[in-house]
Each structure stands twice: as C-alpha cells, then as structure tokens.
Amino acid sequence: MRLAASSDMVIAAILIVAMVVIGLINPAFWSLDNLFSLLKSNVVIGIMALAVLLVMLSGGIDVSFTAFAVAGMYLTVRTMVDIGYDGVVLPLLAATGIGAALGLVNALIVHKLRMIPLIVTLGTGAVVRGLVLGLVGTSIVNINKMPRELIAFGRSDILTMTNAGGTTFGLTAMLPIYLGLALVLHLVLTRTLIGRSVYAYGASPEAAKRVGFPIGRTLVFVYVTAGALAGLAGILQSAMIWQANPRDFLGWELDVIAAVVLGGASIFGGRGTVLGTVLGVFILVMIKNSLILMGIETTWQRVVVGGMLIAATALTALRDRKALV
Amino acid sequence: MAPLIELRGITKRFGGVTALDDVSLRIEPGEIHCLAGENGSGKSTIIKVISGVYTPDQGEILIDGTAVGALSPPLSIAHGIQVIYQDFSLFPTLTVAENIVLNSLLKDGRRAINWRVARRDAIEVLERLGVQLDPSATVETLPTSGRQIVAIARAVLADARLIIMDEPTTALTGKEVDNLFRIVRDLQYHGIAVLFVSHKMREMLEISERLTVFRNGRKVAEGPISEFDEPAITRAMTGRDLTARRYDWVPTRGMPRLELRSLTVPGEIYDINLALMPGEVVGVSGLIGSGRTELALALFGMRPGYRGEIWLDGKPAHLQTVQQAITEGIAYVPEDRLSEGLFLPRSIQDNAIAGSIPGYSRGGLLDFRRARADTLDMFKAMQIAAPGTDAAVSTLSGGNQQRVVIGRWLMTGARVLILNGPTVGVDVGSKAQIHAIIHGLARDKGLAVLMISDDLPELVQNCNRVVHMQQGRLTGELSGDALTEDAVGDKLRFRG
C-alpha cells in the first residue's frame, strides 16, 4: 500500500512539473478552454487505459481492446442505422455487451489453453477487426447518418462557459462517466476479494492457485470487464466525434499502454493503481496536446510516445528491482 | 484421542511409476512430526495427497478418526490443514498484512476486504508468534526468514490445526533456524501440529517428537525420535550404511597450488594470507557476511579492484575478469546453482561445455564430436544418474545437477576448485557421493579445493584444514585432531 501510494505521488509530482513547464512555454495551456478540451481527450483513452490496467495487473498485456472497441461501436451504430433506431442507453449497453462477450473469449482462451495473453489478444484482436471489416462493412457511418440522439449525448456538457471572444465552450458530460468508472474500478480493486485476486494472480499465479483463489473466475472478471470497458469506450468515441469508422483506433495500443505504464503499473503484474493510471493518461494526453500546439507533426508524436513508453517501463523496472533488494 | 490425520494404505501411481506404495502416516494433534526421505522418496507426493492436490488410487484418509472421501484443496484447508511450500507461495507485490489475511478471507468466503480489520488481525497474529514485522511492508522487501514467518502467520490465522512445512530450513542461517524452532514450539503450545519435511538429520533430532521415513515410495521406519540416531536415520533413508570417512591428506613438499598474499578487497576482505597445496581440501567457515563469499568471488575474477597478490603454482596471476580466472584454471561452483550455475532447460552436454566453448571452437564452429566425447567422459567420472548426456538438466535431481556443475569445471582444466555450499539442497546419499568425487579430484588430480559451507559435519569430514573468517579477516585455523565439529561450532558461536 505504502509503495503504491508513494508511486502515485511521484506520478502526480511529474504531472505538476510537466504542467508548469508546458504552461511556461505556452501560457494558453492554462486557459479553461484548453483544459476542458484536454479533459475531453482523456475520456476514451482513459476508459481504454482502465481496461489495459486491469489486464496488466493480472500479469498480461491486452492489445485486442482497440478491435473490441471497433466491434462494439461499429456493430451497434450500423445496426442502429440499418433498423432506424435512435437512442442512448440501449446502444451503450449493446456496445458494452459486445465488448464483454469478446472479452469472455479472451478469458476462456487464456484460462483453458493457458496461453500468453499478449499472443491471445494479438490473435483475437486481428480476427475481430477482420470479421468486422469483412462481414459487416468497411464504410464509415458519417455525421449525416449517425443517430441524432447519440450525437446529442456525445455533445452534451455539464458546464458551459463563454470566453472573451464570445464563443461558448464546455466540459463534456462524458468526463463524469469516465471518472465514475475509474472510481468504481478503484473500489472493486482495493476493497473486494475479486479485486485483490487480480493483484494476487498477477503477483504469483501459482501462489494464487495454492491459496485457493478461483483463478478461472478471476480471469473471466479481468477480461470481460476489460472487453466491456473497450466496447463502451468505442461507442463513446463515435458519439463524441460523430462518426463510426470501422478502421478507428489503429495504433491506439501504443498510447494506451504507454499511459498505463506511465501511471506506474508493472508489466509483470501485481502492481499498479487506478489513480496512477488516470494520472498517466492525463500526462500522456497533455504531452500529445502540447506537441500539437507546438506544431509538431503526428509522425514525430509517435516517436515521443514510444520514447515515453520505454522510459516509463525502464523506470518502473528499476523501481521494482529496488524493491526486491 | 483420535489422530488428527491418518493415512492408511495410500497408493498413488503416475503412468507406470508408483510414487507411493501402500504407505501410512499418522499425525497426532499438537505433535511435531518429521517426515524424512531422499529426493524421489514420495515425500512431496504424500504432501499433495494430504493437501488434496492429488487423489490417491487406493487407501483411505481419516481426519479426527472419521473417514473422509477424496480431499480437495479447499476441503483440506477447511479441515485445518495448511501447507507451507518451499517457495512459500506468497504474493511479493502485496503487503505483509494482506498476505497474512487473504487466505482466511478466502476460506471464510468473504467478498470484501476491510483494511482496518485486516491490519489488526495481521498484527495480532504476528504478536502471537512473537515476531517483529512491519505489516505494511511489501513481502518482496523481506528476507527469506521474514517471508517464512509471513507464511506461517497466514497458516495460523486460517485456523490451521496441522501445518506442513516443506524443507523449511534450506535457505535459513543458523540463527534463523533457532528462531523458526522457537516459533514451531510455540505453535505446538497452541495445539497446532507441525509436519516437518526434511532431510537434515540434526533438525529432525532436535525438533521432532516422532519420525516417519520414506524410501522409494514406501514407509520404511516410524517411531518416537528417541528410538533413532543419525546412523539409523541415514540407514533408513538410503537403505545402506554411509560411513563418513575423514579426508586424509598427506603433506607434500613443493610449490603451493594457490597462494594468497595480503589479499584485500576494500570493504569486504582484508589481508588474507593463505596457501593451498595440491591435493588439499581447505574449508572456510564463517557466518553470512563474514567475507567468505567475497573471498571466492575475488579469486574468480569478480573483484577486479583487489589488492595484494594471488599466486598460482608459483606464478603471479592477474584475476581481473572471470574469463582470466577460468583461463588460469580457477573453477567456482556458486551457492545458488539454479540461478547462477546452470541453464536448466538445456541438456547436460550444453551445460557441460558452457564453460569451455572457446576450447571446442574449430574455425568458429563447434566441434561437436569432441564436445560429446569429453562430456561422456565427465558424465561417467561424475557418476551422473541420467538417461544420457542429452537429458535436460531441469529433469535431474539436486545432487545430479551439482555433479554437472562440478563436472563442467573439470572440463575447463581447473587447478583450483572453489565450492560454495556444495551440497545445499542435496540429499544424503548424493551428498556422500559428491564428497567422494571431490576427494577423488583432490587426491588423484591434485586439485586444490576451497570449500565454503554452513554445514559443520561437511567441513569436518571433508577438509584437512578449516580456516575461520570473521568480518573479512581470517581469524583462526583448525586441522588434525583439533578439527572437530564442536571446535568449528565454537568459533562460529564466538560472535553469535
């Protein structure tokens, strides 16, 4: 507990330093307008990061979540368009359910065949992406066809303000959804036995088995929850950008995994916190955002994020080794 | 009173192999019972039968005098049986408190965890055991002895009536063993039975009240500990008499094989003067931290900053790297052969030639024919029990693995052999054979052997001289009639 807490403090300190530095370079950073838009960019990647955190805590690495997000989003929106349904709650549940069902497939393969999660999710991710494109379609559902209520939901704000120029801007209503999910996951991970079983299994699968944890249940919990979060993140994305693109989220694995590692989770499992991950996501989004403000090309952004991933992994590895002495 | 647990006529087969053949075992409430046997005697199998991991093919299990059908792990735990495996099965990234309470929470079928209560329970158990441990430290930061205490505390909190400890003293120092014994007696005082699974004679005689001995899947002896002495236990375990012979070395004239002159590694060892003649086996006693391992590392080229001189066969040697040390004919068998000395998944041959690859190079390619021939010679000389030189080292017993490590060094043409804990985790029969091999190497091939060990009988039986180290310095030497276990033990205890 103490170690985790101190780890979160370090990340928070890094975040504050980074914010001060970025604010000095670009004073516009501190404008509410910019901060609100930053927070908005946290939502989808943040929910995905929660999914990845969960898998990483259990000692695995998930790269299928982008495909599951696409499946949840595209299947739901296409069906809505095809049958002419409009609404919010049902589509959200549908996308979440699709993600959860796909997550169950991951869980069963990992558990029954005792395969390495990275390979399993690499495979299921590719299969799901391929099936969506091959069986459902490759065309983008654009704003003109997107269900109205879904767009309205994605546009809704919890706070609206007007800046000096007279244009209005707001804080997205998706943010409380993300933070609410984070809070629930935090409570589940720290206060319940199923949550602790994830840490235990990640720390030592063999010991978890011997102590009598129901390993199958733990893995189902991990991958179904991760899949559900991915599916939900997918449909929220389409609601927020007003289109459903079956080729969306390509390359997001890098950003999301980097954010989780930046948040202090160990790729070896058993170590990491929701708070750290939320902070890690914010740092990553903020740095990418400042690179855009500085006019740096997207290709170079990937270089920066890749470098951050390696640096953060090296730092956490050093920390873990130190703890072992 | 009915026995706590009684196994009757248990037979367990794996494929064509009979791991347990009609064995019985009886443990009374609150007794300290020792289960002895060499590797492969069926000790681990019977533990897994008791803990419900294996279902026996025949036989019955009675708990409190009532026959229970097949046990499963949760069922076994519900009956108050807790196993502490050699690796302790703890969660390294979680705290001491959580590791202690998780078991009980699971056992009680709880869904939520109340941290305040958890912490309180953990502290309570630790206090009951009379140990000081920070409940909020993560387990990975603890030394082995601390982890063991966490494992014991966990078992106690889960209402254990029988705690099975698998080789509990393997990685402990003498003082830590004493502390463990104190805790075990305390458990007994609280009515908890303890089944010690061990192959260490001294411990069995010191701690246990009753003893059961297994050999080749059969029970060969059972009774109160007062009916046994060391030779009797050894005979039961191995099926033969092992007469320990002292190593006699006939002094020779001439050049010392290895001579250290004022060898110093700042912060570790100071002013070591020591000469080893060909054929000598010199023991090094001393507590962990006395500089004994550092001395070995300095000789093996791993302390390049050393001062003083190292002479080999009358010539000064410069041992700045491991490669130089090997070229000079120095061989080192580390304490932890599993992590430092062997490539477990690889074959005996791959492991054997790993120390002398350059010697088998022919135009950049490996000379397989010669490597195979040499490996086979070594395989025979070391009497390794394996189907052949292609067998993976991970499939060998501890004693045979150790032979591969020692044998590898012979293939490098070693003149000086440094052994650090040569028979840790090796069973009695294998131990005697390894000792005989070491004697043969010293006597017949003229190697000088430096043997570092915690095992006093091992030092006394195998060395013609034992030097004592303390705080990085040589502080004494025993040889001839003065070399007795008690004398070496006194030197060790001198500083407690």
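Helices here are DSSP runs of at least four residues, numbered from the N terminus. With that in hand, we can walk through this structure, which is a predicted model.

Let us start on the outside of chain A. There, a nonpolar patch on the surface is formed by Val17(A), Val21(A), Ile25(A), Met294(A), Ile296(A), Trp300(A) and Val303(A). Together these residues have about 680 Å² of accessible area. Two elements of chain A give two or more residues to the patch, namely α1 (2-25) and α13. Of the elements, α1(A) gives the most, with three residues. One member to look for is Ile25(A), which lies in helix α1 of chain A. Is Ile25(A) buried or exposed? Its relative accessible area is 56%, so Ile25(A) counts as exposed, the cut-off for that word being over 50%.

Next, look for an open space. The second largest pocket holds about 800 Å³. It has 31 lining residues, and those closest to its centre are Lys40(A), Ser41(A), Trp252(A), Val285(A) and Ile292(A). Several elements of chain A give two or more residues to this lining: α2 (32-57), α6 (148-155), β2 (168-172), α10 (215-241), α11 (252-262), α12 (274-293) and α13 (298-324). Sorted by class, the pocket lining has 14 nonpolar, 10 polar and seven charged residues.

The structure holds one cavity of 30 Å³ or more, and the largest cavity has a volume of about 50 Å³. Around this cavity you will find Ser145(B), Gln148(B), Ile149(B), Leu172(B), Glu176(B), Asn179(B), Leu180(B) and Ile183(B). Two helices of chain B, α5 (144-157) and α6 (174-189), each give two or more residues to the lining. Of these elements, α6(B) gives the most, with four residues. The cavity lining divides into four nonpolar residues, three polar ones and one charged.

Our last stop is the salt bridges. Side chains of opposite charge can pair when their charged atoms come close. Over all chains, the count comes to 28 salt bridges, taking a side-chain nitrogen of Lys or Arg within 4 Å of a carboxyl oxygen of Asp or Glu as the rule.

In one of them, Asp121(B) pairs with Arg120(B), and the closest N and O atoms are 3.8 Å apart. Asp121(B) has a relative accessible area of 24% and is therefore partly exposed, and Arg120(B), at 48%, is partly exposed as well. In another pair, Arg346(B) forms a salt bridge with Asp350(B), with 2.8 Å between the closest N and O atoms. Here Arg346(B) counts as partly exposed at 47% relative accessibility, and Asp350(B) counts as partly exposed at 27%.

The remaining example joins Glu222(B) and Lys219(B), whose closest N and O atoms are 2.8 Å apart. Glu222(B) is partly exposed at 30% relative accessibility, and Lys219(B) is partly exposed at 30% too. What joins Glu222(B) and Lys219(B) to other residues in one network? Salt bridges that share partners do this, linking Glu31(B), Arg210(B), Lys219(B) and Glu222(B).

Key. Residues are numbered from 1 along each chain as its sequence is written. Chains are lettered from A and ligands numbered from 1 in the order in which they are written. This is a predicted model: local features need pLDDT of at least 70, side-chain atom pairs count only at pLDDT 80 or more; totals for chains, interfaces and linings use all residues. Side-chain values use heavy atoms; hydrogens and water are left out. On a 1 Å grid over the protein atoms alone, a cavity is a set of points where a 1.4 Å probe fits but cannot get out, and a pocket is an open set with protein on both sides within 12 Å along at least five of seven lines; lining residues have an atom within 4 Å of a point. Grid points are joined across faces, edges and corners, and a volume is the space filled by probe spheres set on the points. Ala, Val, Leu, Ile, Met, Phe, Trp, Tyr, Cys and Pro count as nonpolar, Asp, Glu, Lys and Arg as charged, and the others, Gly among them, as polar. Patches are made of residues with over 30% relative accessible area and no salt bridge: like charges are joined within 9 Å, nonpolar side chains (Val, Leu, Ile, Met, Phe, Trp, Tyr) within 5 Å. Accessible areas come from the Shrake-Rupley method with a 1.4 Å probe; for residues, only the protein chains shown count as cover. Buried means under 20% relative accessible area, exposed over 50%, partly exposed in between (1.4 Å probe, protein chains only).
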